[in-house]
Amino acid sequence: MLGQLEQSLAMAAELRGMTEALVRSSAWMGLVGWAVMLFQADGTHLFPCGMAGLGGRWQPPLRPLSTGDTWPVGQAALGQERTGCGTTGPYPLPAKAGAAAWMVLPLTKRQGVAVALRPGVTAFHSVEQAFLREAVSLLDRYLPGVERTGRTVEPAPRLRPRSAGVFRLDLPDERVDCDEVFARQHALPGPGRYPLADILCRIPAQDLPRIEEILGELRERPGTFEVSYRLTSDNGGMRHLRAHCTSSRTEAGTVQDISGEVTDVTTEAQQIGEREALLREQLQRADRMISLAASAASASGTRELAAAACEALAVFGADALAIVEAHGGRTRVVTAAGYDREHRAVLDGLPLSARTPLTDALRNQQAVFTPSHRDLVSAYPHYAATLPRLRRHAWAAIPLPLADRTTPAVCMFSFNRAHAFQLSDQPLLIAGAALLGRALERCRSYDAEHERAVSLQRSLLPARLPEHPGLLLTASYRPAAPKAHAGGDWYDAFPLRDGRMALTIGDVEGHHTEAAALMGRLRTTLRAYAALIPDPATVLALTNNMLTAENDADPDHALLATCCLIALDPKTGRLDCATAAHPAPLIHTPDDSPVPHFPTGLPLGAFADTTYPTAGLTLPPGSKLLLYTDGFTDTPHTDPDHAREQLRQLLAATEPKVGAHALHEVATACLTPLRPHDDSALLLAHLTGA
């Protein structure tokens, strides 16, 4: 390990490269960042001239720091090695930085200090300290030969050799005279005179039109120009060349020839291309981090948070993640995305004392990066026997910063192939974990609220439906997807005093506990009014006046509701239906006869003294009646009319069966294919004629 570090330090051209080499060599100790602080010209102030692997909050301040201050870097600069672990850093750090282990080592000849810093509460042990001393000893050896970067250091003048090919282009004859270097650059046999076409044939086809334009411009006007162009090489690669040339006009006013020299700039062009590719990658990653920040801020629940993070961080190659917390001495999976049930179960219930990347990160609150199976077995030899069963090939376990430090949590990123964690990866992944940590506590509160609302809503729905000769009833309720709160959908069925059966379904606006509570009150109110006046239109009118009065008394908490109320006589098949801005019921008769239109009224709670029209219809035995909420039809990217037609076809395609269990299968068949995003309620009635 130290041998590789020495090679990297010997090859480094600047201090930045040296600190990056130090970070790579220290990776076996976890996430260790480095800073090299050198003396200014006055010999009393230190300035950070090279840093790598340090997140923004762990970096030394970009200003001269006096050795007269009491900071450990100032004391170490005078020759005293310093170590520490805690919230007090080796140099000024922001209060929110948190705890870190650090070691400050003086450089020889009073050049400055080298600082190694590892976030977390685990101090550097003796073996690690010995390694850091050896690393800084190597840094001392090669530091004088590098170009030091910093705000107070001016770049030194440099002399570099350059190989240029000389040419002369005879424009009338279109032939080129060249020397040996030019011939080698353009894959010509040797120095001599060649047709211009021998060079143009190596120009990429997409560049030829522009090259022809440039030659035309050179023929038209004399002067000194720089031309950059590309040539294809024999091995299929691309060479980049730059020509500095001069064209002169003859006495007749025409340009006779062009002469100059050509430099091979392939390496420079490749470096520029690599820098541009790196910049594009960094911009893409920054964009994903912005996307993650937005998604984390708006996530509704821990499951949505995990899914958003997995999508945003796919740019790093991660295809799955799990947020795991310590609970009762074992791991507990809070949420996960990209893992199947079996893989998730492996992460759940591990003893915190176990030696795994996940438990080490939880126990020590220190990031653990595992780039490959080989690295996994190197750090955790007991995994050697289980490698063939591992579906992932790289992992990053990063602690989440939580306000409640009594329950530590870690985000485990997994990769489906080996992943060399670059220096630019680590701080971004740590920043992503910080975003998840801040959002996790809010999402946990959301999950708890969601669970309370769903429990309340289910408790307010009827435990069982009434039985009646000639009528089979079944119902189903599905809460919204986990990312949404519980809503106010309800259904009910109860006998009326005149022997008919009341069927009702409705939806309170909003997705919160208040909506569920109002749903329960409306269900009770409808039952009470229907017991007195078994007329659907009158019951809706009275219920509307009650809700309107509540809304007028407390406008800030006003809610509206939709409702469909049917009075059905199972003996005769006669039904009377009144609706308050609710979808009309779907009806299928044995002969598939058309069903008349059901008029609708205003929502409940909008205006007092609203009247509701009633529609009557007699159904033959064997008919099916379906009441539903708009969670089936008013979904994103779905046409409501098309969704209703799908629902009608599902109802029509169902064979009449005897028994409530069979009708429950019908209800489930109607619900499952449509996967509602809103909560959904369904009430299905089958007139058996018995």
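I start with two strands that run antiparallel: S18 and S26 (residues 680-687), joined by eight bridges. Strands here are DSSP runs of E with at least two residues, helices are runs of H or I with at least four, and both are numbered from the N terminus. Two strands pair if DSSP finds at least two bridges between them. Across this pair, Thr-474 stands opposite Leu-684 in S26.

A word on the source: this is a predicted model, where local features need pLDDT of at least 70, side-chain atom pairs count only at pLDDT 80 or more, and totals for chains, interfaces and linings use all residues. Residues are numbered from 1 along each chain as its sequence is written, and side-chain values use heavy atoms, leaving out hydrogens and water.

Back to the sheet. It is open, with four strands in the order S18-S26-S25-S23 and antiparallel pairing. Strand S18 (471-478) and strand S23 (586-588) are at the edges with a single partner strand each, so one side of each has no neighbour in the sheet.

Next, the cores. A nonpolar core is a set of buried Ala, Val, Leu, Ile, Met, Phe, Trp, Tyr and Cys residues joined through side-chain atoms within 4.5 Å; buried means under 20% relative accessible area, with a 1.4 Å probe and protein chains only. The largest has 52 residues, and Leu-575 is one of those with the most contacts inside it. Strand S21 (residues 561-568) gives the most to this core, seven residues. Apart from it lies another core of 31 residues, including Met-29 and Leu-132.

Last, helix H4 (residues 126-142): its buried residues include Phe-131, Leu-132 and Asp-140.

How values were computed. Buried means under 20% relative accessible area, exposed over 50%, partly exposed in between (1.4 Å probe, protein chains only).
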